[in-house]
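I want the overall build first, then the cores, then a couple of local spots.

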Amino acid sequence: MVLRKHHNKLRKTVYKEMLRGINRLQIPKKRFCITKSPMEITYKKYGTTIYFSGSDGIDDTKGIIDEDKPIKLVVIDEATEFFDDGEGEDEFANIEATFVRGNSAGFQMLYLYNPPKNPNAPVNVWCRKMEQRPDCIHIHTDYRDVPEDWLGKALIESAEMMKAADEKMYRWIWLGEPVGVDELIYYMFSDRHRQKPEEGRQYDRVYIGGDYGQQNATTYQAFGLDTYRREFAGLNEYYHSGRETGRQRSPSEYAQDLIELTDHIHEEYGTRAFYIYLDPSAKGLREEIRRAVHSTSLDYSVLMRDAENDVALGISRVQKSLTFGILKIAPAQKNLIREMGLYQYDKKSIEKGKEVPVKEEDHGCDALRYAVMGVWKYIKRWLPVDTEEKQYEVDIAKKEMNEDGYF
């Protein structure tokens with residue numbers, strides 16, 4: 001039985017992994033009965049079957065049990081999800097109790113996961129607790145334990161490039177070490193990331209992340225997409241704080257301020273299209289911007305896009321963009337530069353095992369995150385190897401090594 005927390009991730013992950021394992025073991029697929037609905041893989045000679053299920057609720061797995069053919073191995077894939085979206089240790093105990101029933105001997109539970117960076121993350125704490133059990137074996141592997149031809153030279157070279165650029169991030173992403181969480185989120189930001197746009201340079205497309213506040217600051221952070229240099233180059237910013245200035249501006253005024261910013265960038269860089277990724281909660285401002293665009297004769301297009309607000313994923317992507325020198329910030333973005341040295345995790349949240357940014361001095365950083373998320377489909381192509389997607393290949397190979405011939 002192979003379990004993930006959610007049903008909708010089965011087919012593209014663990015089901016695909018099992019088929020990949022059959023290929024790597026060079027076993028002819030004709031020896032198996034492989035079905036997608038339901039997702040099952042049966043070895044014809046002995047009738048042994050691999051089942052796949054999500055664990056949105058304990059009842060999801062109970063109906064699969066065949067008293068005549070008890071489950072001998074339960075694989076929990078991406079164990080971290082059971083702590084993030086489920087009940088963690090209690091849920092694991094219920095799953096074990098469900099499947100151990102009817103087994104006289106030979107039953108095993110196999111838990112697979114990539115350790116979070118924070119040593120206090122619940123899954124890391126649970127793992128240390130499990131290590132105290134006499135029937136538990138903890139095996140830690142990384143990409144160096146896997147045959148090179150399973151991964152490809154490009155992926156290995158990517159790991160070595162990250163090692164040279166940011167050894168701490170390398171130890172976490174590629175070696176799977178819980179290296180700890182720096183309170184300062186963008187600790188890798190330095191003078192090498194501060195870059196004034198080249199005079200006369202043209203940017204056909206500019207991406208603007210916007211964070212809106214009433215008493216708090218409202219800011220627009222503008223970046224140009226440079227596909228030739230493979231850079232996401234900071235160009236300019238707008239920043240207004242009602243609290244600091246003593247004057248709160250209306251959404252319609254903020255909309256006009258955005259048009260003034262795009263006008264300025266259009267004149268300076270010849271931009272033909274602006275993509276605006278706005279704070280998801282700023283629905284009123286969004287409508288005012290639409291009105292302002294429609295009521296103004298512009299020589300360029302302004303396109304509104306939904307900003308992705310996955311904070312943890314967005315921070316990770318900004319960090320990777322900084323680590324590999326893709327993201328640049330212009331001197332004109334002085335408020336963003338100031339915040340980059342202040343944006344940090346709440347220390348108490350780190351101690352509790354879940355990193356939560358302090359909601360202070362974060363407006364420019366939020367706008368930056370929206371812009372990076374919006375343009376990520378381009379940025380990820382410029383990484384030595386897409387460290388987010390290709391890491392999945394490492395995970396698969398590591399699992400196959402760990403599973404020691406089961407699949």
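This is a predicted model: local features need pLDDT of at least 70, side-chain atom pairs count only at pLDDT 80 or more; totals for chains, interfaces and linings use all residues.

My entries below go from the whole chain down to single residues.

**Entry 1: whole chain.** I looked up the secondary structure and got 17 helices and twelve strands. Along the principal axes, the C-alpha atoms fill a box of roughly 75 × 40 × 40 Å. The chain has 407 residues, and 51% of them are buried. I also checked contacts with a separation of 6 or more: 70% of them join residues 24 or more positions apart.

**Entry 2: surface and charge.** I get an accessible surface of about 20500 Å², with 46% of it on carbon and sulfur atoms. For charges I count 60 positive and 69 negative, and their mean positions sit 4 Å apart.

**Entry 3: the cores.** Which residues touch the most other members of the largest nonpolar core? I find Trp174, Tyr186, Tyr207, Phe232, Leu322, Met340 and Leu368, out of 48 residues in that core. Several elements give two or more residues to this core, among them α7 (153–165), β8 (217–226), β10 (273–278) and α12 (311–323). Helix α15 gives the largest share, five residues. I then picked Met340 and listed its contacts, skipping residues up to four places away in sequence: Leu184, Tyr186, Phe189, Leu322, Ile329, Cys365 and Leu368. There is also a second, separate core of 28 residues, including Tyr203, Ile208, Tyr238 and Leu298. As background, nonpolar side chains in soluble globular proteins tend to be buried together.

**Entry 4: helix α5.** I went through residues 122–130 and found Val123, Asn124, Trp126, Cys127 and Met130 buried. Why are they on the same side of α5? Because they cover an arc of only 160° around the axis. The general rule I keep in mind is that an α-helix has 3.6 residues a turn, so residues three or four places apart point the same way. The buried residues of α5 pack against α3 (80–84), α4 (89–100) and β6 (108–111).

**Entry 5: Phe52.** I looked this one up in strand β4, which covers residues 48–54. Is Phe52 buried or exposed? Its relative accessibility is 8%, and the cut-off for buried is under 20%, so Phe52 counts as buried. Leaving out residues up to four places away in sequence, Phe52 touches Met1, Val2, Leu10, Val14, Tyr15, Met18, Met39, Glu40 and Ile41. I also took the C-alpha separation of Phe52 and Val74, which are 22 residues apart along the chain, and got 9.9 Å.

Terms used
Residues are numbered from 1 along each chain as its sequence is written. Side-chain values use heavy atoms; hydrogens and water are left out. Helices (H or I, at least four residues) and strands (E, at least two) are DSSP runs, numbered from the N terminus. Buried means under 20% relative accessible area, exposed over 50%, partly exposed in between (1.4 Å probe, protein chains only). Contact means heavy atoms within 4.5 Å. Accessible areas come from the Shrake-Rupley method with a 1.4 Å probe; for residues, only the protein chains shown count as cover. Lys and Arg count as positive and Asp and Glu as negative; His and the chain ends are not counted. The place of a charge is taken as NZ of Lys, CZ of Arg, CG of Asp or CD of Glu. A nonpolar core is a set of buried Ala, Val, Leu, Ile, Met, Phe, Trp, Tyr and Cys residues joined through side-chain atoms within 4.5 Å. The arc is that of the directions from the helix axis to the C-beta atoms.
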